[in-house]
Amino acid sequence: MSRRKIFRLELFDETGLEPHTIKSLKLVILGVAFGTISFNINGGISMTGYLKTLGASDFTFGLLYAIGPLAAPMQLIISYIMERTKKRKAMFLIGGTIQRMIWLPFGLVPFFVPMEQPVLRIWVASLFLMTSALLVSFVNVPFFSLAADLVPINIRGSYFAVRSRIATMFGVAGGILTAWFLDTFAGFNSYAFVFALSAIAGTLDIFCFFGVKFPPLTESPEHGEKFTHMMAKVIKNKKYMKFIIFMTLWQFSINLSGPFYLVYLRNVVILSNTLITVLVQILPSVYSIIIVRKWGRAIDSHGNKTVMQVANGILCFAPFLWIFISNNQIAVVFLIITGLMQGCLLSGFEIGSNNIMLGHAPKVNRSMYIAVYFMSTSMIGVGLANATGGWLLDNVFSVFERMNIILLGVKMTRYNYIFAMTAILRCVMIFIALPRLIKEENNTPVRELIRSVFVNVKNKLKRSKRR
């Protein structure tokens, strides 16, 4: 067997695909791999440390994290323009390149805003964050619309699993480099470097799509359809709207405490940037690389909803463990356990939810369906959740913290309380809301997926004993 054939087998099933489609699918994987480096910098310990060093309080920190999601209505406008003009590729390439390069001046804010004006620094940083948030609509809406048109439905589970695996490898390399650099070189110079790296990696992501052949957008039978008509069709699609409601509430339950895990590890547990990155980002990524293809095959065999129920039915208990991650000797052990859970389970849920989002949206005006999804999940599920979490920390849980309650040997901080709250909400969403709100055909019962997992493990153990 030739090298070329082996390489193809390692990526995805190319049976029946045109050469230009195969090339485009591989370029998408490469682009997303570069993009993952940028995403990890912008949403990881680099951003947390940078905003805190600029002087942001917990509430201000939550608001700054909420800026991007609150700009989500822009996606509706971009979707409408794209459906009317059919200029999907041009919008993606131009808007995406500018958006990725924004991170370069963002990292240089301390060098052109005086030290004596910390409030102005926060405002300038927030201006760059808002600009990036508005421009990211030029990326998200065209990309997911492209993915739905480009990736054959029969290989979506496996394809997105492979894409996730390769992107995660790139993300691990970028994460190690940035964490090491932040710990080795102190001050704003180190942040300037890592955000410059984010800008370069993000731009390479967009440049990969110059070689992608974008399929033409499906024409609406109603030429020149109005914005209100497009929106009405989305809202009347009850199946799709229930999915949006679930994902919005689910994202809210996650992001209520999402930005503050890293703050907690830096300021309370007092771990180095490198150790935090290894335990919170790299370790889960390694686990994900190992198992993500199995989730892709499980989705193709058992269905999206079933995999989502099993994966996050277990994962939703992880925040309870965070309550006991304190400044003590077992903190690293708990982080390894939660990292194992996240790395092994989260990818199954994410691939399943992406497949449902793309599968439930019809071809005509599909980008509008995707835009409504991202607007709801971003504004409420991320933006409102981040801001609410910051407000609760500064105004509610700070009061609880002063009560000096000790639970199982751990002194409860305001962060412990918000971890407990998000764990309860996540359990409610998975065990109560998901079965009622998400409707999908061709799903096997949960017990069948669990049984197949045990059978596979049992068979592997038997084979290992024979050896």
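A residue counts as buried when its relative accessible area is under 20%. The exercises below apply to a predicted model.

**Exercise 1.** Determine how the span of helix α14 compares with the expected one, which residues of α14 are buried, and what covers them.

*Solution.*
1. Helix α14 runs over residues 238–255 and has 18 residues.
2. From first C-alpha to last, α14 reaches 25 Å, close to the 26 Å expected at 1.5 Å a residue.
3. The buried residues of α14 are Tyr240, Phe243, Ile244, Phe246, Met247, Thr248, Trp250, Ser253 and Asn255.
4. An α-helix has 3.6 residues a turn, so residues three or four places apart point the same way.
5. The cover over the buried residues of α14 includes α13 (227–236), α17 (304–315), α19, α20 (366–395) and α22 (414–437).

**Exercise 2.** Identify the residues of the largest nonpolar core that touch the most other members, and the contacts of Phe209.

*Solution.*
1. The largest nonpolar core holds 136 residues, of which Phe106, Phe195, Phe209, Phe246 and Leu265 touch the most other members.
2. Helix α19 supplies the largest share of this core, 12 residues.
3. Phe246 is also one of the buried residues of α14.
4. Beyond its neighbours within four places in sequence, Phe209 contacts Val28, Gly31, Lys89, Phe92, Leu93, Phe143, Leu146 and Phe214.

**Exercise 3.** Characterise the second largest pocket by volume and lining.

*Solution.*
1. The volume of the second largest pocket is about 370 Å³.
2. Its lining comprises 18 residues, with Ile153, Ile299, Asn304, Asn355 and Glu440 nearest the centre.
3. Two or more lining residues come from each of α11 (156–184), α16 (273–302) and α19 (331–360).
4. By class, the lining has three nonpolar, 11 polar and four charged residues.

Notes:
Residues numbered from 1 in each chain as written. Predicted model: local features only at pLDDT ≥ 70, side-chain atom pairs only at ≥ 80, totals over all residues. Heavy atoms only, no water. 1 Å grid on protein atoms, 1.4 Å probe; cavity = no way out; pocket = protein on both sides within 12 Å on 5 of 7 lines; lining within 4 Å. Points joined across faces, edges and corners; volume = space filled by probe spheres on them. Helix = DSSP H or I, 4+ residues; strand = E, 2+ residues; numbered from the N terminus. Nonpolar A, V, L, I, M, F, W, Y, C, P; charged D, E, K, R; others polar. Expected span 1.5 Å × (residues − 1). Buried < 20%, exposed > 50% of the residue type's maximum accessible area, 1.4 Å probe, protein only. Contact = heavy atoms within 4.5 Å. Core = buried A, V, L, I, M, F, W, Y, C linked by side-chain atoms within 4.5 Å.
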